[in-house]
Amino acid sequence: MFQFEEIASLPPFSLAQRDKEALFERAMTDLTLHHLERCMDYKKIVQGLGFDPKSSHGVLDFPFLPVRLFKSHELLSTDRSEIVKTMTSSGTTGQRVSKIFLDRETSARQTKALARIASDFLGGRRMPMLVIDSSDLLKNRSMFSARGAGILGFSMLGRDVTYALDGEMKLNFDAVEDFLDRHRDENILLFGFTFMIWEHFYKTLAKSARRLPIENGIVIHGGGWKKMRDEAVDSASFREALRSVCGASRVHNYYGMVEQTGSIFMECEEGRLHCSIFSDVIVRNHMDFSPCRTGEDGLIQVISLLPGSYPGHSILTEDTGCITGIDDCPCGRLGRTFTVRGRIAQAEARGCSDTYEKR
Amino acid sequence: MKKDNLFYLVGEGVPNRRPTRPYSDTACSFLAAMSELLLTHREFPDVVSFAFFCRRANITRLKAEFGSSEVRLGRGLAFHITPSNIPINFAFSLVYGMLSGNSNVVRVPTKLWPQVDIVCGAINSLLERPEFSELDGGIAMVRYERDDEVTRHFSERCDARVVWGGDETVRAIRCIPIPPRAIEISFADRYSFCVIDEDAIMKLSDAAIARVADGFYNDTYLVDQNACSSPSLIVWLGGARRSPEGRERFWRSVEQSARKYDLAPIHAMDKYSMLCDFLTQDLGVESVARHGNLIYRLKLASLNDVENLRGKFGVFFEYEADDIGEIAPHVTSKWQTLTYFGVEKDTLARFVTDNSLTGIDRMVPIGSALDIGVVWDGYDIIRTLSRVVWI
């Protein structure tokens, strides 16, 4: 039986893909059986798809749930009374959001995994942390949005956590300068959502005559590039822009989602996203879901060994990307690396029932 | 009516020509001339098939079938609200309005289909010809985003309203009144299915099965399986010697035909999500067969509530029946088109009449599900849009 503790203290990027696959085959078998026994909807789907959990399978062969199913269904693999946190994806009003149910154990695994992954990039010591967001975001603690959960999760890795934006999302220069004064000559962690950093931090600084000296800052940001692409900003220009306004040159993007909180994919110094010991990525062709070759674009399937209280260990996302390499990143971290192109494009369906469409 | 968001692609204001007899010479000639103009647009198969419908020989045939035993006139002004997702449907609606002798105002799709510009361009150029001067002022083609005020404006002035686009649209439009004497034809959401004799499939040559499969492709994939007349359910008639060989042969052939289908990644995700969603419901799915992501097949053990199970992008439900009569208890007024292969027409006609079914308005061979005609959804449209002068 696979135990999370087996991997909890391994260095998160220390396993070569071949060794990792052996571990993941075992772990995925056990996780799949775990959810089959506990989640009726999951069982109906997996059986309907014709998957036989009793025979042995490679990592590629395990079933995956479409990410949208977490929006239409409340999927739990434990008793509701065990749930300590319900996380929701960030969606605009009216959109359906994913609901992810966490029990104490799964929540603890997420915290642990996130700390292990981040410390590989930040070192073991807690750093003074500047959150490029507003503390107002965390006022409602009963429901955790993806943004709030990300901030809370990363806040555990920092100290003297200071929010850079006020309730109106304006940059609070005084608070930031005080913070910088308190931590002269120290490494500083800057954390935020990509678009928030761009819109409310970078743009304000770019327009302002004031300059913030954060040469010793390490920036970690995530949450998607959709709005940034409209402004033709990519990872490289984002880095350059940040360096120009505050001097921070170490910038790491991460790829993650509320459906698999904790086991995030961090971008290394070489600009590649890395799977850790807690996670893996398979890219699939949309015509038949067969695995794509390295370098070939397809739909991203994410695997995480953390989810116990909900059947989210294997999810087919609506993002596209491609595998960029295996065990070969110049940064030295082992395992698969990949890149994300973005959300799959919307397309109109033909048909005859929408004349008086809603606005 | 002048509004910033109301665009006239043809005409201006409310058309106000006097009604004519159905199939008037001018209307027939106009359609024949339009057919000639549009047949050149090979790049749009739907425009070509519309042009083919409008050609003189076809209209003359329809006119002869219509007969002249009674005196009829158009009702006056027909107001058409047409679907956004089928680019050419608005043009057929206009043709029905013209052939029945009405002036017409047609709300075209808000989506900017090139087909709309092509057809409206042809209409404009024809209206400039002297031989069609009496039609000038009798046609308005309008484009506007959903706006009850504009819809009300035309509704208050019409003698017939033609509403395409499903239950929600029909419900929304019904809230906007039409004059007491006016009539309405509404095309609500419908459910369609297909009946195939498995033995008949086994008897086909390879070339013949490929033609059936191509026909099935045109009924379904060509419109993302999202038209009312696209089948969601396939009923396999097996008789005593039931074996699934026939259906496997059929699906392999459909898979070949569907190779050309451009399944967008988002639609692959829609489809997979739909499959998983269906599996979580207790529908009595006996087995699932997948041909890559092109074809998903869910075999049903019972037909209870089957009309609520709508496939899209190539998701089909299958059911085995010894006799077509087994379907009868499940047919409601929502059922529209039955496409068939290997079954006698007489058997089908008896199935509907002997069982006193409230649904099924059309029975056509596989391949003709989308062939729209002057009889649709159980309406004889030309007669409905005209009035009888009793003498």
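This is a predicted model: local features need pLDDT of at least 70, side-chain atom pairs count only at pLDDT 80 or more; totals for chains, interfaces and linings use all residues.

1. Strand β2 (residues 83-88) of chain A runs antiparallel to β3(A), and five bridges join the two. Strand β3 (residues 99-103) of chain A is largely enclosed by the rest of the structure, because four of its five residues are buried.

2. Turning to chain A as a whole, I note 10 helices and 15 strands. Of its 359 residues, 47% are buried. Among contacts in chain A with a separation of 6 or more, 71% are accounted for by residues 24 or more positions apart.

3. On overall dimensions, the C-alpha atoms of chain A fill a box of roughly 65 × 55 × 45 Å along the principal axes. The radius of gyration of chain A is 21 Å, and since a compact globule with 359 residues would have a value near 21 Å, the two agree.

4. For chain B, the domain assignment gives domain 1 as 7-189 and domain 2 as 191-365. The centres of domain 1 of chain B and domain 2 of chain B, taken over C-alpha atoms, are separated by 33 Å.

5. Chain B also contains an open sheet with mixed pairing, in which seven strands follow the order β10-β11-β12-β9-β8-β13-β14. Its edge strands, each pairing on one side only, are β10 (285-291) and β14 (362-365) of chain B. Direction ignored, neighbouring strands of this sheet are turned by 25° against each other on average. Within chain B, strand β11 (residues 295-300) and strand β12 (residues 315-321) pair in the parallel sense over four bridges, and the bridge partner of B:Arg297 in β12(B) is B:Phe316.

6. The last point concerns where the chains meet: 34 residues of chain A are in contact with 39 residues of chain B. On the side of chain A that touches chain B, at least two residues each are supplied by α3 (40-48), β1 (65-66), α4 (69-72) and β14 (314-326) of chain A. Which element gives the most to this side of chain A? That element is α3(A), with four residues. In composition, the residues of the side of chain A that touches chain B divide into 14 nonpolar, 10 polar and 10 charged.

How values were computed
Residues are numbered from 1 along each chain as its sequence is written. Chains are lettered from A and ligands numbered from 1 in the order in which they are written. A residue is buried if 20 or more other C-beta atoms lie within 10 Å of its own, exposed if 12 or fewer, and partly exposed in between; C-beta atoms are placed from the backbone. Two strands pair if DSSP finds at least two bridges between them. Domain bounds come from an automatic or database domain assignment. Axes are lines fitted to C-alpha atoms, for helices over the stretch in contact, and angles run from 0 to 180 degrees between N-to-C directions. Two residues are in contact if their C-beta atoms, placed from the backbone, lie within 7 Å. Ala, Val, Leu, Ile, Met, Phe, Trp, Tyr, Cys and Pro count as nonpolar, Asp, Glu, Lys and Arg as charged, and the others, Gly among them, as polar. The radius of gyration is taken over C-alpha atoms; the globule rule is 2.2 Å times the number of residues to the power 0.38.
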